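Here are a few notes to read alongside the structure. Take them one at a time, and find each residue in the viewer as you go.

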Amino acid sequence: MQVALFVPCYIDQLFPDVAWATLELLEKHGCKVEIPEAPVCCGQPMANTGCWDDAQPLAKSFVENYAKYEYIVCPSGSCTSMIVNHYHDLIGDDAQYLELRRKTFELCAFLTDVLKVESFDVEFPHKVGLHQSCHGLRELRLGSSSEVMGREFSKARSLLEKVRGIELVELSRKDECCGFGGTFAVSEEAVSCMMGNDRIHDHEHAGAEVITAGDMSCLMHMDGLIKRQKKPIRTMHIAQILAGRPIEK
């Protein structure tokens with residue numbers, strides 16, 4: 001299976017181990033992975049702030065560079081959602097894009113829906129709280145959300161449950177926003193920080209040693225608050241746990 005790994009800009013620049021862990025996971029489960037030499041921003045920051053003319057070339061470039069692959073996988077719900085749900089606003093009913101959208105997946109969705117992974121040969125003997133990001137739940141449907149009636153499910157949780165020794169703690173508000181919201185964290189700093197602290201407190205109250213998520217952007221926001229307050233809790237991307245990474249001391 002030929003897979004193109006799309007590494008978002010903030011992971012490329014700030015959290016490269018998340019990209020390496022994703023690469024290792026995909027290769028371990030039988031994928032032939034390539035990382036195209038192409039722009040590494042999906043254009044979401046520009047699009048979210050109304051700079052459509054700046055975002056459009058990135059959308060067109062992404063389609064041109066990734067269209068040839070059998071699948072495209074990204075370890076970020078927000079970037080994946082930008083590609084599959086919002087590029088249409090930038091480039092319209094382009095036939096090549098419509099085909100690319102069909103084969104672009106967030107990492108957890110790819111592992112559960114395409115590869116159908118049944119086990120992970122790793123151990124993580126820690127108490128873990130799962131943060132489920134807004135884009136993942138409400139735009140990609142990676143899990144159920146409290147405002148929608150229906151069966152409760154979580155693709156990320158189903159993967160974590162396959163890890164030996166892990167203890168998933170129960171949150172009181174399991175699908176609440178962390179407050180990052182990209183440029184929202186800059187324009188509404190005080191509200192963003194209050195929301196982030198609320199999420200951290202929920203994980204602390206549940207006894208989590210580690211907060212994990214499929215979006216490193218959410219974890220980056222909470223980790224900044226955690227470190228400034230010198231809290232003992234740690235943050236790790238789900239790819240790092242599934243790839244067998246230990247907690248960093």
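1. Start with a group of charged side chains: Arg173, Glu176, Arg199 and Asp202 are joined in a network of salt bridges. Please keep in mind that this is a predicted model. As a general idea, side chains of opposite charge can pair when their charged atoms come close.

2. Now look at one pair from that network. Arg199 and Glu176 meet through their side chains in a salt bridge, with an N to O distance of 3.9 Å. Arg199 belongs to helix H11 (residues 189–206) and Glu176 to the loop between E6 and H10, so this pair ties together parts that are 23 residues apart in sequence. Is Arg199 buried or exposed? Its relative accessibility is 0%, so Arg199 counts as buried. Glu176, with a relative accessible area of 27%, is partly exposed.

3. How many salt bridges does a search of the whole structure find? The search finds 15. One of them joins Glu152 to Lys174, whose closest N and O atoms are 2.9 Å apart. This pair links distant parts of the chain, 22 residues apart: Glu152 sits in the loop between H8 and H9, and Lys174 in the loop between E6 and helix H10 (184–187). Glu152 has 57% relative accessibility and therefore counts as exposed, while Lys174 is partly exposed with a relative accessible area of 37%.

4. Another salt bridge to find is the one between Glu161 and Arg157, where the closest N and O atoms lie 3.2 Å apart. Arg157 has a relative accessible area of 25%, so this residue is partly exposed.

5. Next, turn to Arg245, in the segment after helix H13 (238–242). Why does Arg245 count as buried? Its relative accessibility is 17%, and buried means under 20%. The Arg245 side chain also makes a polar contact with the side chain of Glu24, at 2.9 Å. Setting aside residues up to four places away in sequence, Arg245 touches Asp17, Trp20, Ala21, Glu24, Phe124, Met236 and Gln240.

6. You will find Ile166 in the loop between helix H9 (155–160) and strand E6 (167–168). With a relative accessible area of 16%, Ile166 is buried. Which residues is Ile166 in contact with, leaving aside its neighbours within four places in sequence? They are Phe124, His126, Val128, Leu160 and Ile241. Phe124 is also on the list of residues that Arg245 touches. For a sense of distance, compare Ile166 with His29: the two are 137 residues apart in sequence and 21 Å apart in space, C-alpha to C-alpha.

7. Finally, check two backbone angles. Lys116 has a phi near 50 degrees, a positive value in a residue other than glycine. Lys116 is in the loop between helix H7 (107–114) and strand E5 (127–130), and at 55% relative accessibility it counts as exposed. Arg141 has a positive phi as well, near 55 degrees, and is likewise a residue other than glycine. Arg141 lies in the loop between helix H8 (134–138) and H9, and its relative accessibility of 32% makes it count as partly exposed.

Key. Residues numbered from 1 in each chain as written. Predicted model: local features only at pLDDT ≥ 70, side-chain atom pairs only at ≥ 80, totals over all residues. Heavy atoms only, no water. Helix = DSSP H or I, 4+ residues; strand = E, 2+ residues; numbered from the N terminus. Buried < 20%, exposed > 50% of the residue type's maximum accessible area, 1.4 Å probe, protein only. Polar contact = N/O pair within 3.5 Å; in protein donor to acceptor, adjacent residues only side chain to side chain. Contact = heavy atoms within 4.5 Å. Salt bridge = Lys/Arg side-chain N within 4 Å of Asp/Glu carboxyl O.
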